[in-house]
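Please walk me through this structure in plain terms.

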Amino acid sequence: MSKSCEDPRSRIMLNDNPEDIHAKLKMALTDSLGCISYNPIGRPGVSNLLTLMACMDESQRSEEQIATESEKLSMRDFKEEAAKTIVKGIAGIKSKYDYFMDDNQKQLLRDVGAIGNEKARRQAEETMVQVRRLVGTDPV
């Protein structure tokens with residue numbers, strides 16, 4: 001998984017559906033070793049999946065703990081477990097995202113944006129008054 005690669009299959013988006021996440025992880029670049037282990041330098045693909053799993057794991061297990069518990073899985077089964085963990089981990093975030101992207105909530109987002117815009121404009125103007133006074137361009 002890579003956020004810098006232009007291929008959309010190279011990363012998991014918060015609004016990806018579970019089927020897309022499973023498909024992306026099935027295609028994730030790993031190696032052909034017969035076990036699961038955490039080694040970011042020697043096994044970057046597998047280690048990346050372990051890191052994603054650790055970030056999403058309800059039990060807050062480390063990469064090493066997940067690797068130890070998964071060491072006998074085939075790569076296919078490991079990727080399936082990774083997909084399940086990630087889908088479950090982002091479910092709450094995705095639910096909130098879907099809620100706010102619903103057409104009924106668009107006005108709420110516009111209103112919040114407008115309030116933030118006005119607040120930022122006022123703060124910027126206060127700063128510019130101070131800058132103009134210090135630079136000597138403040139109208140007398």
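A crossing is left-handed if the near helix is turned anticlockwise from the far one by less than a right angle, and right-handed if clockwise. Helices here are DSSP runs of H or I with at least four residues, numbered from the N terminus. The model is predicted, so local features need pLDDT of at least 70 and side-chain atom pairs count only at pLDDT 80 or more, while totals for chains, interfaces and linings use all residues. Residues are numbered from 1 along each chain as its sequence is written, and side-chain values use heavy atoms, with hydrogens and water left out.

Two packed helices are described by the angle between their axes and the distance between the axes. For helix 1 (residues 18-26) and helix 4 (residues 75-101), the axes come within 9 Å and cross at roughly 145°; axes are lines fitted to C-alpha atoms over the stretch in contact, and angles run from 0 to 180 degrees between N-to-C directions. This crossing is right-handed. Helix 1 contributes Pro18, Ile21, His22, Leu25 and Lys26 to the contact, and the residues from helix 4 include Ala83, Ile86 and Val87. Contact means heavy atoms within 4.5 Å.

Ser70 belongs to helix 3 (residues 63-70). Ser70 is buried, at 7% relative accessible area; buried means under 20%, exposed over 50% and partly exposed in between, with a 1.4 Å probe and protein chains only. Beyond its neighbours within four places in sequence, Ser70 touches Ile36 and Phe78.

The structure has 0 disulfides, a disulfide being a pair of cysteine sulfur atoms within 2.5 Å. Cys35 is partly exposed at 35%, and Cys55 is exposed at 60%.

Terms used: Helix = DSSP H or I, 4+ residues; strand = E, 2+ residues; numbered from the N terminus.
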